[in-house]
Amino acid sequence: MASILLVEDDDQLRSMLKELLTRSGHEVSEAPDGRRVCEMHQQQHFDLVITDLVMPDIDGLAVIMELRIIDQNVRIIAMSGQRQGRAKEYLRIAQKLGAQHTLVKPFSNQEFLEAVGLALEIKAHSVPTVDSEYRE
């Protein structure tokens with residue numbers, strides 16, 4: 001299937017999401033924070049990067065900006081939790097920076113896998129059309 005990089009500082013959530021992706025047939029690499037994401041992507045091109053936004057050291061918004069500099073075509077899903085209080089604002093910024101999809105934590109396994117499927121489908125079928133537009 002796809003090569004996916006999962007960036008999440010919560011070890012338990014990262015482990016659960018990795019298992020979901022692996023069971024779905026994807027090859028999954030993981031990172032506990034944003035420090036090495038771009039280096040990892042340059043070493044092994046990932047089809048999709050799934051990143052948390054609120055992390056220590058380098059946050060997900062910086063990860064998205066750096067990824068866009070080195071690879072305009074990588075698909076990105078941004079995640080943020082409601083407990084941070086500003087999740088929706090962070091997710092809107094993430095979309096403006098280039099995340100194709102966003103997820104507000106907590107989300108269901110089905111919502112997560114649907115977002116992954118949509119992100120990968122867009123990549124597989126990304127043909128610009130005249131009447132295409134983003135809808136929220």
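Select E8 first: its side chain reaches the backbone nitrogen of D10 at 2.9 Å, a polar contact (a pair of N or O atoms within 3.5 Å; within protein, one must be able to donate a hydrogen and the other to accept it, and residues adjacent in sequence count only if both atoms are side-chain atoms). The model is predicted: local features need pLDDT of at least 70, side-chain atom pairs count only at pLDDT 80 or more, and totals for chains, interfaces and linings use all residues. Residues are numbered from 1 along each chain as its sequence is written, and side-chain values use heavy atoms, with hydrogens and water left out.

Stay on E8, in the loop between β1 and α1. Helices (H or I, at least four residues) and strands (E, at least two) are DSSP runs, numbered from the N terminus. Is E8 buried or exposed? E8 counts as buried because its relative accessibility is 1%; buried means under 20% relative accessible area, exposed over 50%, partly exposed in between (1.4 Å probe, protein chains only). Leaving aside neighbours within four places in sequence, E8 is in contact (heavy atoms within 4.5 Å) with L13, R14, A31, P32, D52, M79 and K105.

Next, select β1, residues 3-7. Five of its five residues are buried, with S3, L5 and V7 on one side and I4 and L6 on the other. Five bridges join β1 to the parallel strand β2 (residues 27-31); two strands pair if DSSP finds at least two bridges between them. From β1 the chain passes through helix α1 (residues 11-23) to β2, a right-handed β-α-β crossover: with the strands pointing away from the viewer, the path from the first strand over the helix to the second runs clockwise. β1 also pairs with β3 (residues 48-52), in the parallel sense, over four bridges. Centre on L5: S29 stands opposite in β2, and V49 is its bridge partner in β3.

Move to helix α3. At its start, a side-chain oxygen of D59 comes to within 3.2 Å of the backbone nitrogen of L61. Buried residues in α3 are G60, L61, A62, V63, I64, L67 and R68, and their cover includes α2 (37-43), β3, β4 (75-81) and α4 (87-97).

Finish on R68, in α3 (residues 60-70). A polar atom of the R68 side chain lies 2.9 Å from the backbone oxygen of V74. Not counting residues up to four places away in sequence, R68 touches N73, V74, I76, L97, G98 and Q100.
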